[in-house]
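This report walks through a single protein chain, moving from charged pairs to helix faces and then to selected residues on and around the surface. Please keep the sequence and the structure at hand while reading.

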Amino acid sequence: MADDAAFESLQRSTYGNLHPIFVDNGSSDDSYKIVQEKVPNTDIIWIKDNIGFARANNIGIQHAMKRGADYVFMINNDVEAA
C-alpha cells in the first residue's frame, strides 16, 4: 500500500498545477481504494494484473500528457516530495 508520507508531502506542495496520478499496477490489497479516500483529487488508474514497472509508468505518463501536463515526475510510495 502507498505510504501516507508520500501523499501527505504531495498535499503540502505549493506548486499550483499539481495533479497526482496513482497507478495501481496489479496490487491485491485495494490500494487504489485507500488512495481514493485519502487523496480525493488524485486520478487513479487501476490495472488488474501487474504489467511491469516501465509499462505501468508509461500508462501514467500518457494519462498525464492527455491532461496537458507541462511536467511529469514519478515517485514510489516510499518517497516524500520536498
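Predicted model: local features only at pLDDT ≥ 70, side-chain atom pairs only at ≥ 80, totals over all residues.

Arg12 lies in the loop between α1 (4–11) and β1 (21–25), whereas Glu80 lies in the segment after α3 (53–66), so the pair ties together parts of the chain that are 68 residues apart in sequence. Both partners are exposed, Arg12 as well as Glu80.

A salt bridge also joins Arg67 and Asp43, and here the closest N and O atoms are 3.2 Å apart. This pair links distant parts of the chain, since Arg67 is in the segment after α3 and Asp43 is in strand β2 (residues 43–47), 24 residues apart. Arg67 counts as partly exposed because its relative accessibility is 47%, while Asp43, at 18% relative accessibility and thus under the 20% limit, counts as buried. The count of salt bridges in the model comes to two.

## Helix faces and their packing

Which residues of α1 are buried? They are Ala6, Phe7, Ser9 and Leu10, and because they cover an arc of only 160° around the axis, they sit on the same side of α1. The buried residues of α1 pack against β1 and α2.

Helix α3 has 14 residues and reaches 20 Å from its first C-alpha to its last, which is close to the 20 Å expected at 1.5 Å a residue. Its buried residues are Ala56, Gly60 and Ala64; seen down the axis of α3, these buried residues fall within an arc of 80°, so they line one face of the helix. The buried residues of α3 pack against β1 and β2, whereas Ala54, Arg55 and Lys66, on the other side of α3, are exposed. Following α3 comes Gly68, whose phi is positive, near 90°.

## The segment after α3

Met74 counts as partly exposed because its relative accessibility is 48%, and together with Met65 and Val72 it forms a nonpolar patch on the surface, with about 280 Å² of accessible area for the three together.

Asn76, at 42% relative accessibility, likewise counts as partly exposed. Which residues does Asn76 contact, leaving aside its neighbours within four places in sequence? With those neighbours set aside, Asn76 is in contact with Ala6 and Phe53, and Ala6 is one of the buried residues of α1. The C-alpha atoms of Asn76 and Phe22 are separated by 9.9 Å, although these two residues are 54 residues apart along the chain.

## A loop residue

Pro40 has its place in the loop between α2 (31–38) and β2. Because its relative accessibility is 66%, over the 50% limit, Pro40 counts as exposed. Between the C-alpha atoms of Pro40 and Ala5, residues that lie 35 residues apart along the chain, the separation is 16 Å.

How values were computed: Residues numbered from 1 in each chain as written. Heavy atoms only, no water. Salt bridge = Lys/Arg side-chain N within 4 Å of Asp/Glu carboxyl O. Helix = DSSP H or I, 4+ residues; strand = E, 2+ residues; numbered from the N terminus. Buried < 20%, exposed > 50% of the residue type's maximum accessible area, 1.4 Å probe, protein only. Patch = residues over 30% accessible without salt bridge, like charges linked within 9 Å, V, L, I, M, F, W, Y side chains within 5 Å. Areas by Shrake-Rupley, 256 points an atom, 1.4 Å probe, with all protein chains shown as cover. Contact = heavy atoms within 4.5 Å. Arc of directions from axis to C-beta. Expected span 1.5 Å × (residues − 1).
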